[in-house]
Number of protein chains: 2
Amino acid sequence: MNALLRDANPPLTRSVEDYLKVIYHLSNQGGFAATSDIAAMLDVAPPSVSGMVKRLSETGLIEHVPYRGVQLTAQGRRAALRMIRRHRILELYLTQHLGYDWGGVHAEAEQLEHAVSDELVERMASALGHPLYDPHGDPIPTAAGEIEEAELVSLADAPVGLKLELRQVGTQDSARLHYLAGQGLTPGVLLTVSERQPFNGPTTVALVPSGDPRVVGRELAQLLWCREVPVDGYGAAAR
Amino acid sequence: MNALLRDANPPLTRSVEDYLKVIYHLSNQGGFAATSDIAAMLDVAPPSVSGMVKRLSETGLIEHVPYRGVQLTAQGRRAALRMIRRHRILELYLTQHLGYDWGGVHAEAEQLEHAVSDELVERMASALGHPLYDPHGDPIPTAAGEIEEAELVSLADAPVGLKLELRQVGTQDSARLHYLAGQGLTPGVLLTVSERQPFNGPTTVALVPSGDPRVVGRELAQLLWCREVPVDGYGAAAR
DNA sequence: TAAGATGATTAGGCTATACTAATTCGATAA
DNA sequence: TTATCGAATTAGTATAGCCTAATCATCTTA
């Protein structure tokens with residue numbers, strides 16, 4: 001069919017929505033998301049990402065600098081935040097109204113976020129009392145697409161005893177990223193600082209909820225940017 | 001990739017689930033579902049149906065008699081009933097817990113039925129008190145895939161004043177089917193018998209909720225099989 | 001019983017998405 | 001400053017959907 005006659009603004013596919021979400025998470029503070037990181041997060045091969053990147057920049061959802069990476073445009077960011085709002089409201093609704101625990105809720109929300117209508121999302125938000133934070137304490141974007149940016153501390157500077165959520169990893173270095181992923185240190189993971197050796201020594205953290213310890217050297221700890229999580233685990237109530 | 005190495009039992013796609021559902025509805029009492037009827041129900045071209053029919057019979061979900069139509073196998077029927085259970089529980093949940101009315105709920109459930117997990121469906125069923133009927137009075141299949149078959153009366157024999165749901169149209173004749181569809185007389189529609197002329201004359205019905213009257217000649221009325229709907233509209237409460 | 005009508009199927013294409021293998025770019029290190 | 005290596009891209013292929021146009025089968029009717 002003639003390309004000019006096709007719908008100029010077709011609804012986004014499920015795949016596209018997933019790409020936008022991970023690009024948002026990877027390029028959070030103004031950086032570029034690398035092809036291989038996107039591929040790893042979505043569990044697809046890098047050439048698949050190159051292909052999708054091409055389509056997404058043609059439709060104006062991302063900006064692509066070849067061999068450097070991608071960033072969301074304003075339009076892409078809006079779409080990504082819409083998905084994040086859906087995801088967080090779904091997680092909250094499933095836990096508070098349907099008895100889910102924090103184990104199973106992420107996978108379920110991951111599926112549903114592509115299928116719910118805007119109306120349903122707003123009805124769930126209503127039923128929840130229009131919450132501002134999800135149970136991890138992460139801010140829920142507004143329906144208009146605004147989000148409160150959290151203040152981040154590097155793990156190397158975080159005080160002992162604090163409960164933290166790993167939000168960003170400040171490197172593109174693949175070896176480091178793979179090492180961290182192997183340790184379970186990926187954005188979104190919850191942890192507490194259990195001790196830090198003096199004289200710029202390593203920091204020991206415990207993963208939440210497993211309690212598994214991880215020892216992180218200072219150099220790496222400086223790259224791990226975290227957000228303080230309110231101790232009750234429910235940001236909405238705490239603020 | 002080598003076909004032998006692929007997952008022997010991959011999850012069904014959204015499209016496949018939709019095909020199975022309409023084949024179930026079209027071949028309800030042991031008949032065959034015709035290609036053109038499937039195409040009309042799914043709003044796709046007939047060759048698309050031929051293509052899908054080929055794939056579905058290769059995977060053992062349907063039985064295909066060329067130029068005659070298709071029927072579900074036991075496996076296909078199980079999958080179809082699973083979708084119908086999801087759909088009906090979703091409709092009930094959305095109306096009872098999220099304030100939906102009967103207008104918007106069908107489209108929303110149509111999307112969600114492909115995305116919810118079995119666990120979520122069962123949690124919603126629990127929250128609803130394990131209902132046996134949806135708000136139309138249609139029976140909800142069990143998680144094990146059993147469904148209560150409703151007793152049907154032909155519209156030509158239904159007593160005046162009864163509230164009915166049109167369940168099956170007992171013909172494959174295209175002209176008749178198109179005429180009925182044009183009159184809004186498609187399976188699922190609710191109606192009440194307002195009067196019947198004596199000596200095998202036509203039956204007049206009123207559509208619910210619009211109240212629009214339709215006059216149906218005896219020959220056609222005999223083809224319209226209906227289920228009696230409890231007057232309160234909530235089968236679950238009535239039984 | 002043969003011709004037409006109608007519905008089903010095949011032929012041939014298109015798009016979105018994925019893959020592997022081959023190639024190219026760019027940064028690091030000698 | 002160049003050789004090298006890893007990351008990114010291109011080339012080429014596959015699959016699940018969909019489509020239109022062309023053909024084929026079946027049923028009805030003259």
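**Exercise 1.** Work out how many residue pairs are in polar contact across the interface of chain B and chain A.

*Solution.* Start with the rule: a polar contact is a pair of N or O atoms within 3.5 Å; within protein, one must be able to donate a hydrogen and the other to accept it, and residues adjacent in sequence count only if both atoms are side-chain atoms. Across the interface of chain B and chain A, that rule finds nine residue pairs, both residues at pLDDT 80 or more. Next, see which parts of chain B are involved: α4 (74-98), α5 (105-112) and α6 (118-127) of chain B each give two or more residues to the side that touches chain A. Helices here are DSSP runs (H or I, at least four residues; strands are E, at least two), numbered from the N terminus. Of that side, α6(B) gives the largest share, five residues.

Before going on, a word on the model: it's predicted, so local features need pLDDT of at least 70 and side-chain atom pairs need 80 or more, while totals for chains, interfaces and linings use all residues. Residues are numbered from 1 along each chain as its sequence is written, chains are lettered from A and ligands numbered from 1 in the order written, and side-chain values use heavy atoms, with hydrogens and water left out.

**Exercise 2.** Find how much area chain B and chain A bury between them.

*Solution.* Buried area is the accessible area (1.4 Å probe) that two parts lose on being put together, summed over both. For chain B and chain A it comes to about 1,300 Å², with 58% on carbon and sulfur atoms. Now count who takes part: 17 residues from chain B and 17 residues from chain A are in contact (heavy atoms within 4.5 Å).

**Exercise 3.** Which residues come nearest to DNA strand D?

*Solution.* First, "near" means that one of a residue's heavy atoms lies within 4 Å of the strand. There are 21 residues around DNA strand D, and Ser36(A), His64(A), Thr13(B), Ala45(B) and Ser48(B) come nearest.

One is 2.3 Å from a side-chain N or O atom of Ser48(B). For Thr35(A), the corresponding distance is 3.0 Å, and for a polar side-chain atom of Arg55(B) it's 3.3 Å.
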